[in-house]
Amino acid sequence: MLRKIVLKRALVENFNWWSDDGNPLALLIFFNRNPVLPVSDLKFEPKQGFTVCGLTQGTSMIPQGLTAIKEGLPYLLEGALVNIAVVLGAMALGFALGLPLAVGHVYGNRKTRSLIGIYILFFRGIPLLVLLFLFYFGLFSLSGINASAFTVAIVVLGLISAAYQSQILRGAILSLPEGQMKAALSIGMSKKKAIFFVILPQALRLSIPGWSNEYSILLKDSAVAYALGVAELMARAHHVASRTYQHLYLYLTAGFIFLLLTYLGTKGLNVLYKKVGIPGYLR
Amino acid sequence: MTMGQTILRVENIHKELGGKAILNGVSLSVRKGEIKVLIGPSGAGKSTFLQSINFLVMPDQGRVWLEEKPINPTDKKALYEYRQQVGMIFQDFNLFDHLTALANVEIGLIRVKGMKKNVARGRAMDELERVGLKNQVLQYPAQLSGGQKQRVSIARALAMDPKVMLLDEPTSALDPELIGEVHSVIRDLAIRGMTMLMVTHQIRFARSLASEIVFMENGRILEKGPPEKMLSDAECSRTREFCSKINEMSGHLC
(Lines give C-alpha, C1' and ligand atoms only; values in the text may rest on other atoms or scores of the structure.)
Protein backbone atom coordinates (compact mmCIF):
# COMPACT_ATOMS: atom_id res chain seq x y z
CA MET A 1 0.00 0.00 0.00
CA LEU A 2 2.71 2.39 1.08
CA ARG A 3 4.78 1.39 -1.89
CA LYS A 4 1.87 2.11 -4.15
CA ILE A 5 1.49 5.61 -2.74
CA VAL A 6 5.19 6.27 -3.02
CA LEU A 7 5.21 5.04 -6.60
CA LYS A 8 2.21 7.16 -7.43
CA ARG A 9 3.80 10.23 -5.89
CA ALA A 10 7.00 9.57 -7.77
CA LEU A 11 5.05 9.32 -11.01
CA VAL A 12 3.09 12.47 -10.31
CA GLU A 13 6.10 14.50 -9.28
CA ASN A 14 8.62 13.33 -11.79
CA PHE A 15 6.64 12.66 -14.87
CA ASN A 16 3.19 13.99 -14.17
CA TRP A 17 1.95 10.67 -15.45
CA TRP A 18 -0.89 9.92 -13.17
CA SER A 19 -4.37 11.24 -12.94
CA ASP A 20 -5.81 11.76 -9.53
CA ASP A 21 -9.37 10.72 -10.27
CA GLY A 22 -8.42 7.04 -10.09
CA ASN A 23 -9.89 6.12 -13.46
CA PRO A 24 -7.43 4.01 -15.45
CA LEU A 25 -8.87 5.28 -18.71
CA ALA A 26 -8.10 8.77 -17.48
CA LEU A 27 -4.46 7.92 -18.00
CA LEU A 28 -4.92 8.23 -21.74
CA ILE A 29 -6.95 11.41 -21.41
CA PHE A 30 -4.31 12.71 -19.08
CA PHE A 31 -1.57 12.01 -21.56
CA ASN A 32 -3.58 13.86 -24.06
CA ARG A 33 -4.02 16.91 -21.89
CA ASN A 34 -0.42 16.90 -20.79
CA PRO A 35 1.38 15.74 -23.87
CA VAL A 36 4.77 14.22 -23.41
CA LEU A 37 7.39 16.73 -24.38
CA PRO A 38 7.48 17.14 -28.15
CA VAL A 39 10.80 16.97 -29.97
CA SER A 40 10.70 20.69 -30.67
CA ASP A 41 10.85 21.36 -26.92
CA LEU A 42 13.94 19.31 -26.30
CA LYS A 43 16.64 21.46 -24.77
CA PHE A 44 19.75 19.53 -24.11
CA GLU A 45 22.68 21.79 -23.41
CA PRO A 46 26.01 20.04 -23.00
CA LYS A 47 27.93 21.33 -19.99
CA GLN A 48 31.18 20.83 -21.75
CA GLY A 49 32.11 22.05 -25.19
CA PHE A 50 32.13 19.34 -27.82
CA THR A 51 33.74 19.53 -31.16
CA VAL A 52 33.17 17.90 -34.48
CA CYS A 53 35.65 15.13 -34.71
CA GLY A 54 38.80 15.91 -36.59
CA LEU A 55 38.55 19.66 -36.25
CA THR A 56 39.62 19.99 -32.66
CA GLN A 57 42.55 20.82 -30.53
CA GLY A 58 43.93 17.37 -30.08
CA THR A 59 41.59 15.70 -27.56
CA SER A 60 40.97 12.13 -28.60
CA MET A 61 37.51 11.13 -29.74
CA ILE A 62 36.87 8.43 -27.20
CA PRO A 63 36.81 10.48 -24.03
CA GLN A 64 34.53 12.98 -25.76
CA GLY A 65 32.16 10.19 -26.75
CA LEU A 66 32.06 8.82 -23.25
CA THR A 67 31.45 12.26 -21.79
CA ALA A 68 28.60 12.77 -24.22
CA ILE A 69 27.07 9.46 -23.13
CA LYS A 70 27.48 10.37 -19.50
CA GLU A 71 25.87 13.75 -19.93
CA GLY A 72 23.14 12.52 -22.22
CA LEU A 73 22.21 9.32 -20.37
CA PRO A 74 19.61 10.69 -17.91
CA TYR A 75 18.09 12.48 -20.84
CA LEU A 76 17.98 9.29 -22.92
CA LEU A 77 16.55 7.26 -20.06
CA GLU A 78 13.68 9.70 -19.73
CA GLY A 79 13.04 9.02 -23.38
CA ALA A 80 13.16 5.27 -22.76
CA LEU A 81 10.32 5.75 -20.27
CA VAL A 82 8.27 7.24 -23.08
CA ASN A 83 8.97 4.16 -25.20
CA ILE A 84 7.97 1.91 -22.32
CA ALA A 85 4.73 3.86 -21.86
CA VAL A 86 3.97 3.59 -25.59
CA VAL A 87 4.66 -0.16 -25.58
CA LEU A 88 2.62 -0.87 -22.45
CA GLY A 89 -0.27 1.24 -23.72
CA ALA A 90 -0.19 -0.39 -27.15
CA MET A 91 0.15 -3.91 -25.71
CA ALA A 92 -2.84 -3.31 -23.43
CA LEU A 93 -4.98 -1.77 -26.16
CA GLY A 94 -3.89 -4.51 -28.57
CA PHE A 95 -4.86 -7.18 -26.07
CA ALA A 96 -8.20 -5.62 -25.22
CA LEU A 97 -9.08 -5.50 -28.93
CA GLY A 98 -7.17 -8.59 -30.02
CA LEU A 99 -8.93 -10.95 -27.64
CA PRO A 100 -12.46 -10.39 -28.99
CA LEU A 101 -11.05 -10.30 -32.53
CA ALA A 102 -9.46 -13.72 -32.03
CA VAL A 103 -12.60 -15.24 -30.51
CA GLY A 104 -14.70 -13.74 -33.30
CA HIS A 105 -12.28 -14.98 -35.93
CA VAL A 106 -12.49 -18.55 -34.65
CA TYR A 107 -16.09 -18.83 -33.50
CA GLY A 108 -17.90 -16.05 -35.30
CA ASN A 109 -20.20 -16.45 -38.28
CA ARG A 110 -19.03 -15.86 -41.80
CA LYS A 111 -19.81 -12.14 -41.76
CA THR A 112 -17.95 -11.54 -38.50
CA ARG A 113 -15.00 -13.53 -39.75
CA SER A 114 -14.72 -11.61 -42.98
CA LEU A 115 -15.02 -8.24 -41.20
CA ILE A 116 -12.23 -9.26 -38.84
CA GLY A 117 -10.25 -10.47 -41.83
CA ILE A 118 -10.52 -7.03 -43.41
CA TYR A 119 -9.42 -5.34 -40.18
CA ILE A 120 -6.39 -7.60 -39.97
CA LEU A 121 -5.52 -7.14 -43.64
CA PHE A 122 -5.69 -3.36 -43.19
CA PHE A 123 -3.52 -3.09 -40.11
CA ARG A 124 -1.01 -5.72 -41.12
CA GLY A 125 -0.79 -4.60 -44.69
CA ILE A 126 0.03 -0.88 -44.32
CA PRO A 127 3.41 0.34 -43.08
CA LEU A 128 3.50 1.73 -39.56
CA LEU A 129 4.78 5.10 -40.73
CA VAL A 130 1.91 5.46 -43.21
CA LEU A 131 -0.63 4.58 -40.52
CA LEU A 132 0.91 7.02 -38.04
CA PHE A 133 0.71 9.88 -40.54
CA LEU A 134 -2.73 8.79 -41.70
CA PHE A 135 -4.08 8.92 -38.17
CA TYR A 136 -2.16 11.91 -36.84
CA PHE A 137 -2.36 14.28 -39.77
CA GLY A 138 -5.40 12.69 -41.36
CA LEU A 139 -8.13 11.08 -39.28
CA PHE A 140 -7.53 12.76 -35.96
CA SER A 141 -7.06 16.29 -37.19
CA LEU A 142 -9.89 16.05 -39.74
CA SER A 143 -12.32 14.67 -37.22
CA GLY A 144 -11.41 17.47 -34.83
CA ILE A 145 -10.17 15.17 -32.09
CA ASN A 146 -7.35 16.94 -30.39
CA ALA A 147 -4.91 14.12 -29.75
CA SER A 148 -1.27 14.47 -28.89
CA ALA A 149 1.33 12.69 -30.98
CA PHE A 150 2.01 10.48 -28.02
CA THR A 151 -1.64 9.37 -27.80
CA VAL A 152 -1.82 8.77 -31.54
CA ALA A 153 1.32 6.64 -31.36
CA ILE A 154 -0.27 4.47 -28.66
CA VAL A 155 -3.57 4.21 -30.52
CA VAL A 156 -2.00 3.33 -33.88
CA LEU A 157 0.49 0.84 -32.43
CA GLY A 158 -2.35 -0.61 -30.34
CA LEU A 159 -4.60 -1.07 -33.39
CA ILE A 160 -1.79 -2.74 -35.31
CA SER A 161 -0.89 -4.88 -32.34
CA ALA A 162 -4.53 -5.95 -31.99
CA ALA A 163 -4.32 -7.42 -35.48
CA TYR A 164 -1.16 -9.36 -34.65
CA GLN A 165 -2.22 -10.35 -31.15
CA SER A 166 -5.52 -11.66 -32.45
CA GLN A 167 -3.61 -13.96 -34.76
CA ILE A 168 -1.30 -15.14 -31.97
CA LEU A 169 -4.32 -16.00 -29.86
CA ARG A 170 -6.24 -17.48 -32.75
CA GLY A 171 -3.36 -19.82 -33.49
CA ALA A 172 -3.31 -20.85 -29.85
CA ILE A 173 -7.07 -21.49 -29.82
CA LEU A 174 -6.85 -23.57 -32.98
CA SER A 175 -3.95 -25.58 -31.58
CA LEU A 176 -6.11 -26.88 -28.74
CA PRO A 177 -7.67 -30.28 -29.37
CA GLU A 178 -11.25 -30.11 -30.62
CA GLY A 179 -12.22 -32.41 -27.77
CA GLN A 180 -11.77 -29.61 -25.22
CA MET A 181 -14.75 -27.73 -26.62
CA LYS A 182 -16.74 -30.95 -27.07
CA ALA A 183 -16.10 -32.03 -23.49
CA ALA A 184 -17.16 -28.62 -22.18
CA LEU A 185 -20.36 -28.70 -24.23
CA SER A 186 -21.03 -32.29 -23.19
CA ILE A 187 -21.39 -31.33 -19.53
CA GLY A 188 -23.93 -28.70 -20.48
CA MET A 189 -21.80 -25.58 -20.81
CA SER A 190 -22.87 -22.92 -23.25
CA LYS A 191 -20.39 -22.11 -25.98
CA LYS A 192 -19.64 -18.78 -24.29
CA LYS A 193 -18.84 -20.43 -20.98
CA ALA A 194 -16.76 -23.07 -22.71
CA ILE A 195 -14.71 -20.38 -24.43
CA PHE A 196 -14.33 -18.39 -21.24
CA PHE A 197 -13.59 -21.16 -18.75
CA VAL A 198 -11.99 -23.87 -20.85
CA ILE A 199 -10.60 -22.55 -24.13
CA LEU A 200 -9.18 -19.13 -23.22
CA PRO A 201 -7.35 -20.16 -20.02
CA GLN A 202 -5.41 -22.66 -22.09
CA ALA A 203 -5.02 -20.54 -25.21
CA LEU A 204 -3.78 -17.51 -23.26
CA ARG A 205 -1.03 -19.60 -21.69
CA LEU A 206 0.03 -20.86 -25.09
CA SER A 207 0.08 -17.28 -26.42
CA ILE A 208 2.79 -16.03 -24.09
CA PRO A 209 5.76 -16.98 -26.32
CA GLY A 210 4.02 -15.24 -29.22
CA TRP A 211 3.50 -12.17 -27.09
CA SER A 212 7.13 -11.95 -26.22
CA ASN A 213 7.78 -11.71 -29.94
CA GLU A 214 5.07 -9.07 -30.23
CA TYR A 215 6.57 -7.12 -27.33
CA SER A 216 9.98 -6.95 -28.94
CA ILE A 217 8.49 -5.80 -32.23
CA LEU A 218 6.35 -3.15 -30.53
CA LEU A 219 9.29 -1.85 -28.55
CA LYS A 220 11.32 -1.32 -31.67
CA ASP A 221 8.35 0.10 -33.55
CA SER A 222 7.84 2.62 -30.77
CA ALA A 223 10.95 4.42 -32.03
CA VAL A 224 8.98 5.37 -35.14
CA ALA A 225 6.87 7.66 -32.93
CA TYR A 226 9.85 10.00 -33.43
CA ALA A 227 8.37 10.74 -36.84
CA LEU A 228 5.37 12.36 -35.14
CA GLY A 229 7.66 14.41 -32.93
CA VAL A 230 7.38 12.34 -29.79
CA ALA A 231 10.50 12.87 -27.72
CA GLU A 232 11.23 9.21 -27.20
CA LEU A 233 14.60 7.56 -26.85
CA MET A 234 15.66 7.73 -30.49
CA ALA A 235 14.57 11.35 -30.82
CA ARG A 236 16.63 12.25 -27.78
CA ALA A 237 19.63 10.31 -28.98
CA HIS A 238 19.53 12.29 -32.20
CA HIS A 239 19.06 15.54 -30.30
CA VAL A 240 22.01 14.93 -27.99
CA ALA A 241 24.14 13.63 -30.85
CA SER A 242 23.57 16.72 -32.91
CA ARG A 243 24.70 18.92 -30.02
CA THR A 244 27.75 16.91 -29.11
CA TYR A 245 28.69 15.58 -32.54
CA GLN A 246 29.10 12.13 -30.97
CA HIS A 247 26.61 10.31 -33.19
CA LEU A 248 28.26 6.91 -33.06
CA TYR A 249 28.28 6.86 -29.27
CA LEU A 250 24.79 8.16 -28.76
CA TYR A 251 23.17 5.77 -31.24
CA LEU A 252 25.15 2.89 -29.78
CA THR A 253 23.77 3.86 -26.38
CA ALA A 254 20.23 4.14 -27.72
CA GLY A 255 20.61 0.76 -29.41
CA PHE A 256 21.92 -0.76 -26.22
CA ILE A 257 18.99 0.57 -24.18
CA PHE A 258 16.54 -0.90 -26.71
CA LEU A 259 18.41 -4.19 -26.60
CA LEU A 260 18.31 -4.23 -22.81
CA LEU A 261 14.58 -3.46 -22.74
CA THR A 262 13.88 -6.22 -25.27
CA TYR A 263 15.95 -8.63 -23.24
CA LEU A 264 14.27 -7.74 -19.95
CA GLY A 265 10.77 -7.86 -21.42
CA THR A 266 11.16 -11.21 -23.14
CA LYS A 267 12.86 -12.57 -20.06
CA GLY A 268 9.97 -11.35 -17.93
CA LEU A 269 7.40 -12.97 -20.22
CA ASN A 270 9.41 -16.17 -20.15
CA VAL A 271 9.29 -16.16 -16.36
CA LEU A 272 5.54 -15.57 -16.54
CA TYR A 273 5.18 -18.45 -19.02
CA LYS A 274 6.94 -20.81 -16.63
CA LYS A 275 5.01 -19.47 -13.67
CA VAL A 276 1.56 -20.04 -15.15
CA GLY A 277 2.63 -23.29 -16.82
CA ILE A 278 0.43 -26.30 -16.16
CA PRO A 279 2.29 -28.91 -14.08
CA GLY A 280 3.36 -31.91 -16.10
CA TYR A 281 2.24 -30.26 -19.31
CA LEU A 282 5.33 -29.88 -21.45
CA ARG A 283 5.15 -27.79 -24.56
CA MET B 1 -33.49 -58.53 -16.71
CA THR B 2 -36.13 -56.08 -15.64
CA MET B 3 -36.39 -52.97 -17.70
CA GLY B 4 -37.96 -49.68 -16.82
CA GLN B 5 -39.35 -47.01 -19.06
CA THR B 6 -37.58 -45.75 -22.13
CA ILE B 7 -34.96 -43.15 -21.16
CA LEU B 8 -33.48 -42.29 -24.50
CA ARG B 9 -35.01 -42.69 -27.91
CA VAL B 10 -33.46 -41.58 -31.17
CA GLU B 11 -35.13 -41.95 -34.50
CA ASN B 12 -33.97 -41.85 -38.05
CA ILE B 13 -30.69 -39.98 -37.57
CA HIS B 14 -29.07 -38.89 -40.82
CA LYS B 15 -25.73 -37.17 -41.14
CA GLU B 16 -23.69 -36.30 -44.15
CA LEU B 17 -20.11 -35.03 -43.90
CA GLY B 18 -18.23 -33.74 -46.90
CA GLY B 19 -20.78 -35.19 -49.33
CA LYS B 20 -20.50 -38.65 -47.79
CA ALA B 21 -23.39 -40.14 -45.87
CA ILE B 22 -22.08 -41.16 -42.46
CA LEU B 23 -25.41 -42.03 -40.87
CA ASN B 24 -28.31 -43.39 -42.88
CA GLY B 25 -31.33 -43.36 -40.64
CA VAL B 26 -30.22 -44.82 -37.34
CA SER B 27 -32.88 -45.46 -34.71
CA LEU B 28 -32.39 -46.80 -31.24
CA SER B 29 -33.94 -46.67 -27.84
CA VAL B 30 -32.51 -47.38 -24.44
CA ARG B 31 -34.62 -48.24 -21.43
CA LYS B 32 -33.80 -47.47 -17.83
CA GLY B 33 -30.99 -49.67 -16.52
CA GLU B 34 -30.25 -51.09 -19.95
CA ILE B 35 -26.72 -51.29 -21.30
CA LYS B 36 -26.45 -51.32 -25.05
CA VAL B 37 -23.14 -51.95 -26.73
CA LEU B 38 -22.48 -50.68 -30.22
CA ILE B 39 -19.98 -52.58 -32.31
CA GLY B 40 -18.94 -52.33 -35.91
CA PRO B 41 -15.97 -51.73 -38.19
CA SER B 42 -14.23 -48.36 -38.16
CA GLY B 43 -16.02 -45.86 -40.32
CA ALA B 44 -19.34 -47.45 -39.48
CA GLY B 45 -20.50 -44.18 -37.92
CA LYS B 46 -20.55 -45.29 -34.28
CA SER B 47 -18.80 -42.21 -32.88
CA THR B 48 -20.75 -39.85 -35.11
CA PHE B 49 -23.94 -41.56 -33.96
CA LEU B 50 -23.08 -41.15 -30.27
CA GLN B 51 -22.13 -37.51 -30.82
CA SER B 52 -25.29 -36.75 -32.73
CA ILE B 53 -27.33 -38.09 -29.84
CA ASN B 54 -26.22 -35.14 -27.70
CA PHE B 55 -25.87 -32.84 -30.70
CA LEU B 56 -22.10 -32.41 -30.49
CA VAL B 57 -22.51 -33.34 -34.13
CA MET B 58 -25.65 -31.73 -35.45
CA PRO B 59 -27.63 -34.37 -37.33
CA ASP B 60 -29.12 -33.37 -40.68
CA GLN B 61 -32.30 -35.20 -39.85
CA GLY B 62 -33.73 -37.19 -37.01
CA ARG B 63 -35.27 -36.74 -33.61
CA VAL B 64 -34.26 -37.41 -30.04
CA TRP B 65 -36.40 -37.93 -26.94
CA LEU B 66 -35.22 -37.99 -23.36
CA GLU B 67 -37.76 -39.67 -21.11
CA GLU B 68 -40.26 -39.26 -23.93
CA LYS B 69 -39.68 -35.51 -24.05
CA PRO B 70 -38.65 -34.37 -27.55
CA ILE B 71 -35.41 -32.38 -27.66
CA ASN B 72 -35.26 -29.26 -29.76
CA PRO B 73 -31.56 -28.55 -30.42
CA THR B 74 -32.24 -25.03 -31.70
CA ASP B 75 -33.47 -24.05 -28.25
CA LYS B 76 -30.07 -23.39 -26.69
CA LYS B 77 -31.21 -23.43 -23.11
CA ALA B 78 -33.08 -26.69 -23.52
CA LEU B 79 -30.08 -28.16 -25.33
CA TYR B 80 -27.66 -27.27 -22.50
CA GLU B 81 -30.15 -28.66 -19.99
CA TYR B 82 -30.43 -31.88 -22.00
CA ARG B 83 -26.66 -32.32 -22.37
CA GLN B 84 -26.24 -32.17 -18.59
CA GLN B 85 -28.46 -35.21 -18.37
CA VAL B 86 -26.56 -37.17 -20.99
CA GLY B 87 -23.07 -37.96 -19.74
CA MET B 88 -20.43 -38.39 -22.41
CA ILE B 89 -17.15 -40.27 -22.15
CA PHE B 90 -14.64 -39.81 -24.92
CA GLN B 91 -12.03 -42.15 -26.29
CA ASP B 92 -9.22 -39.68 -25.57
CA PHE B 93 -10.64 -38.49 -22.23
CA ASN B 94 -10.72 -34.78 -23.10
CA LEU B 95 -10.00 -33.65 -19.58
CA PHE B 96 -9.53 -29.91 -19.26
CA ASP B 97 -5.75 -29.82 -19.32
CA HIS B 98 -5.36 -26.62 -17.30
CA LEU B 99 -7.35 -27.90 -14.32
CA THR B 100 -6.62 -30.39 -11.56
CA ALA B 101 -8.64 -33.59 -11.37
CA LEU B 102 -10.77 -31.97 -8.69
CA ALA B 103 -11.34 -28.79 -10.70
CA ASN B 104 -12.23 -30.86 -13.76
CA VAL B 105 -15.12 -32.37 -11.81
CA GLU B 106 -16.04 -29.14 -10.02
CA ILE B 107 -16.21 -26.90 -13.05
CA GLY B 108 -19.52 -28.27 -14.31
CA LEU B 109 -21.04 -28.11 -10.85
CA ILE B 110 -19.98 -24.49 -10.37
CA ARG B 111 -20.32 -23.06 -13.87
CA VAL B 112 -23.26 -25.09 -15.13
CA LYS B 113 -25.25 -26.12 -12.08
CA GLY B 114 -24.38 -22.90 -10.24
CA MET B 115 -23.39 -24.70 -7.03
CA LYS B 116 -21.51 -22.91 -4.26
CA LYS B 117 -17.79 -23.66 -4.36
CA ASN B 118 -17.62 -25.59 -1.10
CA VAL B 119 -20.70 -27.68 -1.93
CA ALA B 120 -19.26 -28.44 -5.36
CA ARG B 121 -15.95 -29.42 -3.79
CA GLY B 122 -17.63 -31.95 -1.52
CA ARG B 123 -19.57 -33.47 -4.37
CA ALA B 124 -16.51 -33.61 -6.63
CA MET B 125 -14.49 -35.28 -3.90
CA ASP B 126 -17.20 -37.90 -3.50
CA GLU B 127 -17.25 -38.66 -7.20
CA LEU B 128 -13.46 -38.91 -7.39
CA GLU B 129 -13.39 -41.17 -4.38
CA ARG B 130 -15.96 -43.40 -6.00
CA VAL B 131 -13.71 -43.91 -9.03
CA GLY B 132 -10.77 -44.59 -6.73
CA LEU B 133 -8.87 -41.34 -7.17
CA LYS B 134 -9.03 -39.90 -3.69
CA ASN B 135 -5.27 -39.44 -3.62
CA GLN B 136 -4.94 -37.85 -7.03
CA VAL B 137 -7.44 -35.03 -6.69
CA LEU B 138 -4.88 -32.25 -6.90
CA GLN B 139 -2.95 -33.66 -9.84
CA TYR B 140 -3.18 -32.24 -13.31
CA PRO B 141 -4.22 -34.39 -16.26
CA ALA B 142 -0.66 -34.48 -17.57
CA GLN B 143 0.41 -36.04 -14.27
CA LEU B 144 -2.16 -38.85 -14.45
CA SER B 145 -2.04 -42.17 -16.28
CA GLY B 146 -4.50 -42.84 -19.08
CA GLY B 147 -6.64 -45.02 -16.86
CA GLN B 148 -6.73 -42.37 -14.17
CA LYS B 149 -7.64 -39.71 -16.73
CA GLN B 150 -10.54 -41.76 -17.99
CA ARG B 151 -11.75 -42.31 -14.44
CA VAL B 152 -11.63 -38.54 -13.81
CA SER B 153 -13.68 -38.02 -16.95
CA ILE B 154 -16.23 -40.55 -15.71
CA ALA B 155 -16.37 -38.71 -12.37
CA ARG B 156 -16.82 -35.43 -14.24
CA ALA B 157 -19.78 -36.83 -16.17
CA LEU B 158 -21.31 -38.48 -13.10
CA ALA B 159 -21.18 -35.28 -11.09
CA MET B 160 -23.78 -33.82 -13.43
CA ASP B 161 -26.25 -36.57 -12.41
CA PRO B 162 -26.83 -37.89 -15.92
CA LYS B 163 -29.82 -40.07 -16.72
CA VAL B 164 -27.91 -41.93 -19.38
CA MET B 165 -24.24 -42.20 -20.29
CA LEU B 166 -22.75 -42.39 -23.75
CA LEU B 167 -19.34 -44.04 -23.78
CA ASP B 168 -17.29 -43.78 -26.96
CA GLU B 169 -14.62 -46.49 -26.85
CA PRO B 170 -13.67 -45.62 -23.26
CA THR B 171 -10.67 -47.96 -23.15
CA SER B 172 -9.34 -48.05 -26.69
CA ALA B 173 -6.68 -45.41 -26.01
CA LEU B 174 -5.37 -47.28 -22.97
CA ASP B 175 -2.52 -49.70 -22.38
CA PRO B 176 -3.79 -53.24 -21.80
CA GLU B 177 -2.75 -52.97 -18.17
CA LEU B 178 -4.90 -49.89 -17.55
CA ILE B 179 -8.06 -51.17 -19.18
CA GLY B 180 -9.07 -53.18 -16.13
CA GLU B 181 -9.37 -50.20 -13.77
CA VAL B 182 -11.67 -48.36 -16.16
CA HIS B 183 -13.73 -51.48 -16.80
CA SER B 184 -14.24 -52.00 -13.10
CA VAL B 185 -15.50 -48.41 -12.72
CA ILE B 186 -17.94 -48.94 -15.59
CA ARG B 187 -19.01 -52.25 -14.06
CA ASP B 188 -19.75 -50.43 -10.79
CA LEU B 189 -21.88 -47.98 -12.71
CA ALA B 190 -23.80 -50.86 -14.23
CA ILE B 191 -24.36 -52.40 -10.83
CA ARG B 192 -25.73 -49.10 -9.56
CA GLY B 193 -28.19 -49.22 -12.42
CA MET B 194 -26.78 -46.55 -14.76
CA THR B 195 -28.27 -46.63 -18.22
CA MET B 196 -25.52 -46.75 -20.82
CA LEU B 197 -24.91 -46.76 -24.52
CA MET B 198 -21.33 -47.79 -25.17
CA VAL B 199 -19.12 -48.28 -28.17
CA THR B 200 -16.44 -50.84 -27.40
CA HIS B 201 -14.55 -53.68 -28.95
CA GLN B 202 -13.64 -55.24 -25.61
CA ILE B 203 -15.87 -58.12 -26.45
CA ARG B 204 -15.55 -60.11 -23.25
CA PHE B 205 -16.40 -57.01 -21.27
CA ALA B 206 -19.34 -56.27 -23.54
CA ARG B 207 -20.63 -59.80 -23.25
CA SER B 208 -20.59 -59.72 -19.48
CA LEU B 209 -22.36 -56.37 -19.25
CA ALA B 210 -24.55 -55.76 -22.27
CA SER B 211 -28.26 -56.31 -22.35
CA GLU B 212 -28.07 -55.94 -26.09
CA ILE B 213 -25.38 -55.73 -28.71
CA VAL B 214 -25.99 -53.56 -31.74
CA PHE B 215 -24.00 -54.07 -34.92
CA MET B 216 -23.50 -51.05 -37.15
CA GLU B 217 -22.00 -50.76 -40.59
CA ASN B 218 -22.07 -48.03 -43.25
CA GLY B 219 -24.18 -45.76 -41.11
CA ARG B 220 -26.90 -48.34 -40.54
CA ILE B 221 -27.83 -50.75 -37.81
CA LEU B 222 -27.57 -54.18 -39.42
CA GLU B 223 -28.58 -56.35 -36.54
CA LYS B 224 -29.15 -56.29 -32.81
CA GLY B 225 -29.80 -58.88 -30.17
CA PRO B 226 -28.68 -60.37 -26.85
CA PRO B 227 -24.90 -60.83 -26.59
CA GLU B 228 -24.91 -64.65 -26.62
CA LYS B 229 -26.82 -64.75 -29.85
CA MET B 230 -24.99 -61.87 -31.55
CA LEU B 231 -21.54 -63.13 -30.74
CA SER B 232 -21.98 -66.77 -31.57
CA ASP B 233 -24.79 -67.20 -33.97
CA ALA B 234 -25.90 -63.96 -35.56
CA GLU B 235 -28.44 -64.09 -38.32
CA CYS B 236 -26.73 -61.72 -40.68
CA SER B 237 -23.60 -63.14 -42.29
CA ARG B 238 -21.76 -59.83 -42.11
CA THR B 239 -22.37 -59.67 -38.35
CA ARG B 240 -21.12 -63.23 -37.99
CA GLU B 241 -17.98 -62.44 -39.93
CA PHE B 242 -17.22 -59.34 -37.82
CA CYS B 243 -17.96 -61.08 -34.55
CA SER B 244 -15.76 -64.04 -35.36
CA LYS B 245 -12.93 -61.61 -36.14
CA ILE B 246 -13.16 -59.84 -32.80
CA ASN B 247 -13.64 -63.15 -31.03
CA GLU B 248 -10.42 -64.40 -32.59
CA MET B 249 -8.65 -61.25 -31.50
CA SER B 250 -9.73 -61.61 -27.91
CA GLY B 251 -8.58 -65.22 -28.04
CA HIS B 252 -11.95 -66.80 -27.48
CA LEU B 253 -13.90 -68.80 -29.94
CA CYS B 254 -17.57 -68.97 -29.29
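Colleague: Which residue is the bridge partner of B:V10 in β4(B)?

Modeller: The model is predicted, so local features need pLDDT of at least 70 and side-chain atom pairs pLDDT 80 or more, whereas totals for chains, interfaces and linings use all residues. Residues are numbered from 1 along each chain as its sequence is written, with chains lettered from A and ligands numbered from 1 in the order written. Strands β1 (residues 6–17) and β4 (residues 61–66) of chain B run antiparallel and are joined by 5 bridges; strands are DSSP runs (E, at least two residues) numbered from the N terminus, and two of them pair if DSSP finds at least two bridges between them. In β4(B), the partner of B:V10 is B:V64.

Colleague: How many residues of strand β3 of chain B are buried?

Modeller: A residue is buried if 20 or more other C-beta atoms, placed from the backbone, lie within 10 Å of its own. B:I35, B:V37 and B:I39 point one way from β3(B), B:K36 and B:L38 the other way, and all are buried. For β3 (residues 35–39), the count is therefore 5 of 5.

Colleague: Which residue in β9(B) stands opposite B:K36?

Modeller: β3(B) and β9 (residues 212–217) of chain B run parallel, joined by 4 bridges. Opposite B:K36 stands B:E212.

Key: Buried ≥ 20, exposed ≤ 12 C-beta atoms within 10 Å, placed from the backbone.
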